[in-house]
Amino acid sequence: MIPGQKFLTLLRDIAADKRLAFMLLLGFSSGLPFLLVFSTQSARLREVGITRTDIGLMFYATLFYSIKFLWAPLLERFDPPVLGRMMGRWRGWLLITQMGVILGLFGLAGSNPASSLGMTIFWTTVTAFFAASQDVVIDGWRINVIPRDRQGIMLAVSQLGYRVGILCAGAGALYLAEYFDWQAAYGAMAALMLVGILAALLAPDPPPAAEKETLEGKLVSVFDDGKPASPQRASNWPDWLIAYKEALSDLFLRRGWILLPIMLLIALYRLPDFLAGVMSNPLYIDLGFSKAEIANISKIYGFAIGLTAPFVGGFCIWRFGLMPSLLFGGIAAATSHLSMALLAAKGADSTYLALAVSVESFAGGFAGTALMAYMSSLTSPAFAASQYALLSSLYALPGKLLAGMSGKMVDLFGYPVFFSATSTIGLPVAILCLIVWRSADKEAPARPEEEREEASLAGEGGRR
């Protein structure tokens with residue numbers, strides 16, 4: 001099936017299953033705040049004269065996206081106060097986190113980075129914390145509300161909604177800032193979060209989960225001297241700590257030693273995108289492009305290109321397999337930054353801007369689809385939210401730690417050298433892909449049923 005036909009099939013599925021329709025709305029709610037504390041925010045800061053070094057350092061305020069695994073098991077294990085009894089665990093946490101995002105965005109709307117950068121940083125931190133927590137809850141709801149054999153279509157729908165949210169936070173916010181001001185832009189984005197509130201109020205509850213297989217005498221604990229944990233020993237752990245222990249032990253038990261190169265691969269896979277992403281809008285501003293030009297080419301045109309990438313990625317996963325697609329996506333995403341180096345060298349030329357946006361949007365969307373499908377295939381249904389939060393945090397954490405220094409690197413070496421350097425990360429990514437791929441081939445005969453199930457899950461689509 002060609003990508004266009006897959007897209008039409010996807011739209012039919014959304015219309016037929018209300019869970020997919022709510023997943024579309026929640027995907028939008030997840031994508032909306034991301035750029036507002038990331039590249040859209042960097043354009044706002046650069047426009048008022050904040051230095052590139054300070055813009056890069058401010059990016060550390062978004063690290064909550066990278067460390068959400070620290071509190072993900074608590075959201076998965078415990079009900080929220082009051083709302084848990086009224087709405088259930090997942091929808092209760094959804095409403096709380098979305099209200100927090102709205103509060104943070106209104107705070108950003110009322111702040112002025114030119115005169116009070118500290119308040120802008122504070123509200124960016126608030127927004128990032130609740131937005132990252134919202135992502136944990138949405139992933140938990142997604143994995144629990146629909147059977148595993150339908151997770152692929154849920155991922156594709158989530159990706160579609162996420163990219164529409166990105167479009168609104170990118171092009172929409174830039175247009176509003178161009179023709180009104182940044183306060184109006186951020187206020188409007190806060191109002192759009194009502195889409196997520198509506199989904200949280202009306203979405204169906206996940207069915208009662210099957211009893212989880214715990215570590216109390218059933219799984220081998222990697223934390224308890226490699227011996228089965230007895231009920232007496234397990235009872236010495238506080239409930240909140242057991243939530244972490246069970247999720248991590250399950251992951252290590254099922255994957256073994258190969259989990260180490262897998263985690264390194266995930267950590268490096270999107271590193272070039274994080275390094276380059278925080279400096280893309282400052283580059284456009286420094287080259288002299290207007291906010292409207294950036295919105296037209298980088299956001300709207302880039303959105304159209306990027307929207308095709310998940311479906312092409314899903315088709316390639318189905319046709320060629322997950323690991324070949326993961327390998328191609330990693331190499332393509334890293335080398336695509338050479339187009340940004342070319343733009344920086346050529347100057348304010350709309351043709352080169354369109355070329356850079358085309359290459360980066362498609363390669364990044366393809367790689368993101370492959371990576372999300374791969375990470376989803378690694379999780380266990382019993383601990384899906386916690387394990388997926390750990391893996392998605394792992395892929396973001398190194399990039400966000402280093403991205404904070406991206407402004408300083410540009411100041412030292414210039415844009416062309418900086419973007420060229422980020423492309424070289426594709427080499428270790430390719431090597432790690434081959435190592436993991438070879439290990440998966442060796443393990444396949446020993447685990448045929450598990451591999452077929454994971455391949456089925458991975459072959460449909462992905463987000464972020």
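Q: With which residues is Arg46 in contact, leaving aside its neighbours within four places in sequence?
A: This is a predicted model, in which local features need pLDDT of at least 70 and side-chain atom pairs count only at pLDDT 80 or more, while totals for chains, interfaces and linings use all residues. Residues are numbered from 1 along each chain as its sequence is written, and side-chain values use heavy atoms, with hydrogens and water left out. Arg46 belongs to helix α3 (residues 39–47), where helices (H or I, at least four residues) and strands (E, at least two) are DSSP runs numbered from the N terminus. With contact meaning heavy atoms within 4.5 Å, and with sequence neighbours within four places set aside, the partners of Arg46 are Thr51, Arg52, Ile55, Pro282, Ile285 and Asp286.

Q: What share of the contacts in the protein chain with a separation of 6 or more comes from residues 24 or more positions apart?
A: The protein chain has 24 helices and 0 strands, and 58% of its 464 residues count as buried (buried means under 20% relative accessible area, exposed over 50% and partly exposed in between, with a 1.4 Å probe and protein chains only). Among contacts with a separation of 6 or more, the share from residues 24 or more positions apart is 83%.

Q: What percentage of the accessible surface of the protein chain belongs to carbon and sulfur atoms?
A: Accessible areas come from the Shrake-Rupley method with a 1.4 Å probe, and for residues only the protein chains shown count as cover. The accessible surface of the protein chain comes to about 18000 Å², and the part that belongs to carbon and sulfur atoms is 68%.

Q: By class, how many nonpolar, polar and charged residues does the contact of α2 with α8 have?
A: Helix α2 (residues 18–36) and helix α8 (residues 117–145) pack at about 160° with their axes 9 Å apart, the axes being lines fitted to C-alpha atoms, for helices over the stretch in contact, and the angles running from 0 to 180 degrees between N-to-C directions. That makes α2 roughly antiparallel to α8, on a scale where angles under 35 degrees count as roughly parallel, over 145 as roughly antiparallel, 65 to 115 as roughly perpendicular and the rest as oblique. The contact includes Phe22, Met23 and Leu26 of α2 and Ile138, Trp141 and Arg142 of α8. Counting Ala, Val, Leu, Ile, Met, Phe, Trp, Tyr, Cys and Pro as nonpolar, Asp, Glu, Lys and Arg as charged, and the others, Gly among them, as polar, the contact has 8 nonpolar, 4 polar and 3 charged residues.

Q: Into how many nonpolar, polar and charged residues does the contact of α18 with α22 divide?
A: The axes of helix α18 (residues 338–346) and helix α22 (residues 415–423) come within 8 Å and cross at roughly 170°, which makes α18 roughly antiparallel to α22. Leu338, Met340, Ala341, Ala344 and Ala345 of α18 meet Tyr415, Pro416, Phe419, Ser420 and Ser423 of α22. By class, these residues divide into 8 nonpolar, 2 polar and no charged.

Q: Which residues of α14 and of α20 make the contact?
A: The axes of helix α14 (residues 259–269) and α20 come within 6 Å and cross at roughly 55°, and the two helices are therefore oblique to each other. On the α14 side the contact is made by Met263, Ile266 and Ala267, and on the α20 side by Leu391, Leu394, Tyr395 and Pro398.

Q: Which residues does Ser393 touch, not counting residues up to four places away in sequence?
A: Ser393 sits in helix α20 (residues 384–403) and counts as buried, at 0% relative accessibility. Beyond four places in sequence, Ser393 touches Tyr65, Ser66, Ile67, Lys68 and Phe69.

Q: Is Lys245 buried or exposed?
A: Lys245 lies in helix α13 (residues 239–255), and its C-alpha is 9.4 Å from that of Pro73, 172 residues apart in sequence. With a relative accessible area of 5%, Lys245 is buried.

Q: What is the phi of Val82?
A: Most residues other than glycine have a negative phi. Val82 lies in the loop between α5 (72–77) and α6 (83–87) and is partly exposed, with a relative accessible area of 46%. Although Val82 is not a glycine, its phi is positive, at about 65°.
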